[in-house]
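Morning, everyone. Please look at the structure on the screen. I will take the rings, then the helices.

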Amino acid sequence: MVVDFIIVVIYALCMLFLGYIGLKHTKNNEEFLVAGRNLGPSFYMGTMAATVLGGASTVGTVKLGYTYGISGVWLCTALGIGIIVINVLLAKPLLKLRIFTVTQVLEKRYNPVVRKISAIIMLAYALMLAVTSVIAMCKILEPLFGLNHWMAVLIGGGVVVTYSAIGGMWSLTLTDIVQFLIKTIGLMFILLPICLYQAGGWSALAEKLPASSFDFTTIGISTIITYFLIYFFGILIGQDIWQRVFTARSIKVAKYAGTAAGIYCVIYGLICAVIGMCARIIVPDLADANNAFGYVLESALPMGIRGLIIAATLAAMMSTASAALLASSTVFTEDLLPSLTHHKTSVTLNRIATFIFGVLILGISMVVNDVISALTLAYNLLVGGMLIPLIGAVYWKRASTFGAMLSMALGFITVIIFIIKDGLDANSPIYYSLTIGLLSFIIGSYMTKTSTVALFQQEQMNTKKDII
């Protein structure tokens, strides 16, 4: 494993070097947070796809493929369709707003108190999303290199925290592009063919796996619906995704490059599900399907090639972890910190906040262990607490501040209650939280008067010029 370890170390050093290059491009807050709003189609497509496809999309989808077969593709499919929708339908009005965070939309429509409450929910989501990818890194590093969990967290997560704090969004963009290329070549053009060969080809899969492994609904219709409720809508309102949308040079770039990123996500999910199916033959009867990806790397790949695939896998996880880390620090410095101090945010302050939240993420990652559960918790908190008020802010002129606050509070609390009651993997938290959130939003809004109009209607009245 020495050769593999050296390759991984070289990859980590390259990421740190790209972080240093990003430092040179970062002179002000706008460059640190949204790369100066100046990304072209290639960079935008690569960084958008890299942001979405992280630990849960890779290790988690391989686990689903190992357990359920081809129907494991639905997690990435929900994410990919969400990416397409946000770039085709929402990028235009979002780019007009010239903001940094999702919660600033709520302040424009409601008031600063709603912004602060929603910022707390968004912060919890971003932290857990970053934790998901750090845990996924551990699922690769632990079995392959024999590392303790805490050591894997410090090595994998430490690199992400370092380059993210150094150069912000420019560092993330540069590393994302390299990570996008590495994982595309490594997983699609090296690992997949080797796994198929080791498993005996597609005909061997058809012969050795149960017929249910080739059914797109084996994972369960209710689970597929839940994936769309959680991940599709989570993409539409996630700070990490909006912050990437804000980096687009134009509406045209966001629309076409974003659509390409969404299609890539679906293909990526299909590839990972098939790798999981191969893993079920190569390393059968695993006690923990979360380790399927790590063990198939160890069993199916020769030395050297294995190191390249490990680097490709870490690339997928680091991109999402860094995006979520920057999202959490941005929400804190832009939405919460101003209410505690009168000092304006600066690049230095953003770097300090990013480092501090990075340390917090590493700490949480040492006590949480399941990638799908961690991702589900993150998106449940986000969608259950914020989806209804945010959609209302954008499209419903009758929405009121009281209705939004009531919906966020009750939706968030409902998620927590049903997660405690039924577990992290249950469907009930998202169903009940959305139902209660919607009812409380409508009732609360009709209980109070409002004279405002829907946010995007305001923007249309303020300007008739589109951003080209």
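Rings to begin with: there are 14 aromatic pairs in the structure. A pair means Phe, Tyr or Trp rings (for Trp, the six-membered one) with centres within 6.5 Å. One aromatic cluster consists of Trp74, Phe228, Phe232 and Phe233.

A quick word on the source. This is a predicted model, where local features need pLDDT of at least 70 and side-chain atom pairs count only at pLDDT 80 or more, while totals for chains, interfaces and linings use all residues. Residues are numbered from 1 along each chain as its sequence is written, and side-chain values use heavy atoms, with hydrogens and water left out.

Next, charges over rings. Arg37 sits over the face of Phe100, 5.1 Å from the ring centre. Lys183 lies over the face of Tyr268, at 5.5 Å from the ring centre. The cut-offs: NZ of Lys or CZ of Arg within 6 Å of the centre and within 35 degrees of the ring normal.

Now helices, meaning DSSP runs of H or I, at least four residues, numbered from the N terminus. Helix α8 covers residues 149–199 and helix α15 covers residues 347–365; their axes come within 9 Å and cross at roughly 165°. Axes are lines fitted to C-alpha atoms over the stretch in contact, and angles run from 0 to 180 degrees between N-to-C directions. So α8 and α15 are roughly antiparallel, a label for angles over 145 degrees. In contact (heavy atoms within 4.5 Å), the α8 residues include Gly157 and Gly158, and those of α15 include Phe355 and Gly358.

Last, α13 (residues 292–300) and α14 (residues 305–336) pack at about 160°, axes 9 Å apart. They too are therefore roughly antiparallel to each other.

Note on methods: Helices (H or I, at least four residues) and strands (E, at least two) are DSSP runs, numbered from the N terminus. Angles under 35 degrees count as roughly parallel, over 145 as roughly antiparallel, 65 to 115 as roughly perpendicular and the rest as oblique. Rings of Phe, Tyr and Trp (its six-membered ring) pair if their centres lie within 6.5 Å; planes under 30 degrees apart count as stacked, over 60 as edge-to-face and the rest as tilted.
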